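Dear colleague,

Please find below the structure that I am handing over to you. My findings follow directly after it.

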Amino acid sequence: MSDSAKIAVIGAGLSGLACARDLAAAGVAVEVFEKARGASGRAATRRTGGYHFDHGAQYFTVRDARFRAEVEKWSSEGIVQPWSGRIVELGEGGSMVEKGEPTRYVGVPGMTAPARALAAGLHVRFRAHVKTIERKGSSWRLVLECGKAHDGFAGVVISAPAPQSADLLRDSAPLLAAACDAVEMQPCWSVMAAFEQPVGAEFDGAFINGRDLAWAARNSGKPGRPTDAECWVLQAGPDWARSNLERDRTEVARDLLTSFFQIGDWPYQEPLHLDAHRWRFARSARPDSAGCLFDPDVRVAVCGDWLNGDRVEGAFTSGLVAAKGFIAGGLA
């Protein structure tokens, strides 16, 4: 690549941003394109009516040394804090087992905080939905949904769920598209409910077996969140979400709220706020451990949590692997 070469990164989640940051640190000109109005991807926080909900990723743990170094930096800057809430596993017969795992971290004041920190100093175009990518000789062109084109990229990094990555790659990088097509992604419905009074749950987060719900978390109990109301995030299991994928979100929210109150047989309480969000591609059914997909011949990389263990940590480290592929190959 020439000194003036640019690399386009599609997606401003943790994976794309980690990749973009390492490329920029290596002296590469990088432009990040994100269809949403802010960075974070599925490490998302919804703020509405004074209520805060982490309606995507709920927390993250640390195993990888590279990620640990980043989390220590974020912690020193107040971007993340440990979540010391009581996490349990609920069985079908009403059993409750404590879930002892490594320290759980959350972004502060929301799960978007780490992504926003990574985006600082990068050239990120928000509300820029990339519709197609086209190879023009030795360079790449990105065409946005609005029709505007961006030319002159020496390489492209795609940080998106497998089906969306495949759609972008189908015409210009069919081998990578085929690899993405082979990945099965699972959906999730995430319900956000705020209550005037505590609901009576004896836990702050619960993995739930044998019901429509797979997870419930007292979001207002996480560090840095408002406590004026008790806010809960309820997430459906993949089978239920798949069977109810196209239903109206109001109906979904009511059904999963009913399931929530049946868990502990708590007295029903009408929520102050109730809504649901559908994640069509929430996670991989069978997470890969490749780190990323990379084709040096066409200078395209694909990264994301689904390529590296399906965790927040996996998203971050997948982005590092993608950047390393460009740098080690002399392509950046």
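C303 is buried, since its relative accessibility is 0% (buried means under 20% relative accessible area, exposed over 50%, partly exposed in between, with a 1.4 Å probe and protein chains only). The closest cysteine sulfur to that of C303 belongs to C19 and lies 5.2 Å away, too far for a bond. C146, by contrast, has 65% relative accessibility and therefore counts as exposed. The structure holds zero disulfides, a disulfide being a pair of cysteine sulfur atoms within 2.5 Å.

Please note that this is a predicted model, in which local features need pLDDT of at least 70 and side-chain atom pairs count only at pLDDT 80 or more, while totals for chains, interfaces and linings use all residues. Residues are numbered from 1 along each chain as its sequence is written, and side-chain values use heavy atoms, with hydrogens and water left out.

Backbone geometry is the next topic. Most residues other than glycine have a negative phi, and most peptide bonds are trans. S40 sits in the loop between β2 (29–33) and β3 (46–48), where helices (H or I, at least four residues) and strands (E, at least two) are DSSP runs numbered from the N terminus. With 9% relative accessibility, S40 counts as buried. R299 is located in the loop between β18 (293–295) and β19 (300–303), and at 15% relative accessibility R299 is likewise buried. P109 belongs to the loop between β8 (105–107) and α3 (113–119).

How do the axes of helices α2 and α8 cross? The axes of α2 (residues 65–76) and α8 (residues 312–328) come within 10 Å and cross at roughly 110°; axes are lines fitted to C-alpha atoms, for helices over the stretch in contact, and angles run from 0 to 180 degrees between N-to-C directions. The two helices, α2 and α8, are therefore roughly perpendicular to each other (65 to 115 degrees; under 35 counts as roughly parallel, over 145 as roughly antiparallel and the rest as oblique). On the α2 side, R66, F67 and E70 make the contact, and on the α8 side V312, E313, F316, T317, L320 and V321 do so, with contact meaning heavy atoms within 4.5 Å.

Yours sincerely
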